[in-house]
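Open the structure in your viewer and keep the selection tool at hand. The tour goes from one selection to the next.

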Amino acid sequence: MCAIEISAPGGPEVLRVTQRPVPIPAANEVLIEIAAAGVNRPDVLQRKGGYPPPPGASDIPGLEVAGTVVAAGAGANTWKTGDRVCALVTGGGYAEYVAAPAPQCLPIPRGLTLVEAAGLPETFFTVWVNVFERAGLKGSETLLIQGGSSGIGVTAIQMARAFGHRVFVTAGSAEKCTACEKLGASRAINYRTEDFVAVVKELTGGKGVDVILDMVGGDYVPRELACLADDGRLSLIAFLGGTRATIDMTDILRRRLTITGSTLRARSVEVKGAIAQSLEQKVWPLIEAGRIKPVIYRTFRLEEASAAHALMESSAHVGKIILEVKP
């Protein structure tokens with residue numbers, strides 16, 4: 001099969017087309033003929049040498065795919081040949097075929113194309129776990145999303161709004177702020193020209209927000225703690241601004257704040273399967289009802305993976321970048 005490999009750690013140019021054997025699905029896995037694959041920040045980090053695949057995972061980048069089941073390993077009885085699915089995988093998405101654990105596959109929501117569905121798993125799994133499970137967003141609580149125009153951001157805006165929450169976001173330009181507000185954000189804050197702490201405090205009458213979804217880290221963390229409400233939760237999913245922060249822990253004790261976070265890639269199939277079940281039960285109906293829609297910024301052919309990574313690193317996009325494997 002045709003696949004994209006990382007020839008050496010480096011820039012987008014190190015991604016190259018290669019030939020690899022078609023994977024053989026192991027027990028409880030299905031073989032998917034890939035129609036499209038999502039491009040995500042962890043793929044970029046892996047290309048640079050900073051996010052190696054877990055033991056036993058494919059070295060081929062790509063964490064989410066959509067396509068058709070063409071074979072199944074022993075015990076993978078959930079799916080049958082010909083089923084159209086999208087799946088979260090630990091690697092191997094930038095290829096014509098991938099073996100995926102059956103519990104990590106989901107049906108294509110009615111009304112979506114395979115290209116649109118390829119942009120669902122990584123962001124929807126991440127948002128569900130970190131906003132709704134770990135941070136426990138509930139009731140009438142408010143959410144601040146750092147990087148509202150990213151693939152994670154546009155998913156989190158729509159998901160939180162669909163569940164009735166008031167959402168604020170940060171973004172890096174007036175155009176991106178407008179795009180976020182069109183998706184349902186009550187207020188988009190241009191972090192280049194505005195202080196998000198001051199704006200959040202003003203918008204919430206001095207209370208602060210209940211939950212923050214952060215992919216920046218670094219010196220954002222003390223500022224985020226300052227704009228959390230009492231009993232607020234900060235959920236970290238990436239560290240684009242650095243892995244270290246200096247914070248005053250007195251405020252955490254006094255106002256009962258929580259700092260949490262997670263990554264998905266190394267977690268067990270059982271855990272990811274449970275997340276998939278929650279999404280199918282609680283979120284997929286909202287997609288099929290049109291209340292949450294995939295936001296696809298641009299598609300590239302599989303062999304154009306380098307260009308897709310260059311676009312990702314430019315941060316010029318709003319929403320998801322997709323590789324079309326089987327146009």
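This is a predicted model: local features need pLDDT of at least 70, side-chain atom pairs count only at pLDDT 80 or more; totals for chains, interfaces and linings use all residues.

Start by selecting helix 3 (residues 121–134) and helix 4 (residues 151–162), whose axes lie 9 Å apart at an angle of about 60°. The two helices are therefore oblique to each other, and the crossing is right-handed. To see the contact, show the side chains of Thr123, Phe124, Thr126, Val127, Trp128 and Phe132 on helix 3, and of Gly151, Ile152, Thr155, Ala156, Met159 and Ala160 on helix 4. Eight of these contact residues are nonpolar, four are polar and none is charged.

Next, select Ile237, in the loop between strand 12 (228–236) and helix 8 (249–255). Is Ile237 buried or exposed? Its relative accessible area is 17%, so Ile237 counts as buried. Among the residues that Ile237 touches are Thr126, Ile152 and Ser262.

Now move to Arg233 in strand 12 and Glu141 in the loop between helix 3 and strand 8 (142–145). Their closest N and O atoms are 2.7 Å apart, in a salt bridge. This pair ties together parts that are 92 residues apart in sequence. Glu141 is buried, at 13% relative accessible area, and Arg233 is buried too, at 11%.

Then select Lys326, in the segment after strand 15. Which residues does Lys326 meet in salt bridges? One is Glu33, at 3.8 Å from N to O; another is Glu96, at 3.6 Å. Lys326 is partly exposed, with 35% relative accessibility.

Finish with Glu5, Arg16, Arg20 and Asp59, which are linked in a network of salt bridges.

How values were computed: Residues are numbered from 1 along each chain as its sequence is written. Side-chain values use heavy atoms; hydrogens and water are left out. Helices (H or I, at least four residues) and strands (E, at least two) are DSSP runs, numbered from the N terminus. Buried means under 20% relative accessible area, exposed over 50%, partly exposed in between (1.4 Å probe, protein chains only). Contact means heavy atoms within 4.5 Å. Axes are lines fitted to C-alpha atoms, for helices over the stretch in contact, and angles run from 0 to 180 degrees between N-to-C directions. Angles under 35 degrees count as roughly parallel, over 145 as roughly antiparallel, 65 to 115 as roughly perpendicular and the rest as oblique. A crossing is left-handed if the near helix is turned anticlockwise from the far one by less than a right angle, and right-handed if clockwise. Ala, Val, Leu, Ile, Met, Phe, Trp, Tyr, Cys and Pro count as nonpolar, Asp, Glu, Lys and Arg as charged, and the others, Gly among them, as polar. A salt bridge is a side-chain nitrogen of Lys or Arg within 4 Å of a carboxyl oxygen of Asp or Glu. Lists of a residue's contacts leave out its neighbours within four places in sequence.
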